[in-house]
Amino acid sequence: MAKILVVDDEAQVRGMLAKMLSVEHHEVIEAENGVQGCKKYREHQPDLLITDLVMPEKNGIDMIMELKKEFPSIRVVAISGGGGITGSFDYLPVAKLVGALHILQKPFTLQALKSAVVEALRAPGLH
Ligand SMILES: [Mg+2]
């Protein structure tokens with residue numbers, strides 16, 4: 001069991017992730033944007049951060065960079081809608097550059113999420 005912080009501005013996505021992760025017996029903490037995400041990360045110091053990238057207040061990339069300065073061994077899995085469908089910029093490769101261990105394109109399968117979580121939790125902290 002791990003403590004996992006889920007950050008996404010869509011309540012529906014957070015709920016779905018929380019459900020998927022609690023089935024795996026993880027403890028889930030939720031936040032709705034990067035500002036809240038930073039606050040809750042500091043407060044709970046979770047084993048893993050799963051975050052959306054496009055969010056109001058503070059986006060996922062800025063949140064990852066800010067937290068990485070304070071917690072160099074932070075483990076991150078980034079999820080995003082990507083650029084294809086909406087024509088908006090694809091932030092997932094950027095998430096990888098700022099230190100995300102795994103990136104998942106929405107919509108993803110339960111199996112893809114499970115393996116990303118297992119691998120991320122197994123990864124040594126990046127120092
Ligand atoms: Mg979003």
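Just after helix α1, His25 takes a positive phi of about 70°, although His25 is not a glycine. His25 is found in the loop between α1 and β2 and, at 58% relative accessibility, counts as exposed, where exposed means over 50% relative accessible area, buried under 20%, and partly exposed in between (1.4 Å probe, protein chains only). Helices (H or I, at least four residues) and strands (E, at least two) are DSSP runs, numbered from the N terminus. The model is a predicted one, in which local features need pLDDT of at least 70 and side-chain atom pairs count only at pLDDT 80 or more, whereas totals for chains, interfaces and linings use all residues. Residues are numbered from 1 along each chain as its sequence is written, and side-chain values use heavy atoms, with hydrogens and water left out.

Helix α1 comprises 13 residues, 11-23, and its end C-alpha atoms are 18 Å apart, in agreement with the 18 Å that it should span at 1.5 Å a residue; the expected span is 1.5 Å times one less than the number of residues. The buried residues of α1 are Val13, Arg14, Leu17, Ala18, Met20 and Leu21. Seen down the axis of α1, these buried residues fall within an arc of 165°, so they line one face of the helix, the arc being that of the directions from the helix axis to the C-beta atoms. An α-helix has 3.6 residues a turn, so residues three or four places apart point the same way. On the other side of α1, Gln12, Lys19 and Val23 are exposed. The cover over the buried residues of α1 includes β1 (3-7), β2 (27-31), β3 (48-52), β4 (76-80) and α5 (110-122), with contact meaning heavy atoms within 4.5 Å.

Five strands form an open sheet in the order β2-β1-β3-β4-β5, and their pairing is parallel; two strands pair if DSSP finds at least two bridges between them. The edge strands are β2 and β5 (102-105), each of which pairs on one side only. From one strand to the next, the twist averages 20°, where axes are lines fitted to C-alpha atoms, for helices over the stretch in contact, and angles run from 0 to 180 degrees between N-to-C directions. Helix α3 (residues 60-70) packs on the sheet, touching β1, β3 and β4, and its direction makes about 155° with that of β3. Helix α5 also packs on the sheet, where it touches β1, β3, β4 and β5, and its direction makes about 170° with that of β5.

Within this sheet, β3 is joined to β1 by four bridges and pairs with β4 in the parallel sense, likewise over four bridges. Ile50 of β3 is the bridge partner of Val6 and has Val77 as its bridge partner in β4, while Asp52 has Ile79 as its partner in β4. Both faces of β3 are covered, with Leu48, Ile50 and Asp52 buried on one side and Leu49 and Thr51 buried on the other.

Asp52 is buried, with a relative accessible area of 3%, whereas Val54, at 48% relative accessibility, counts as partly exposed.
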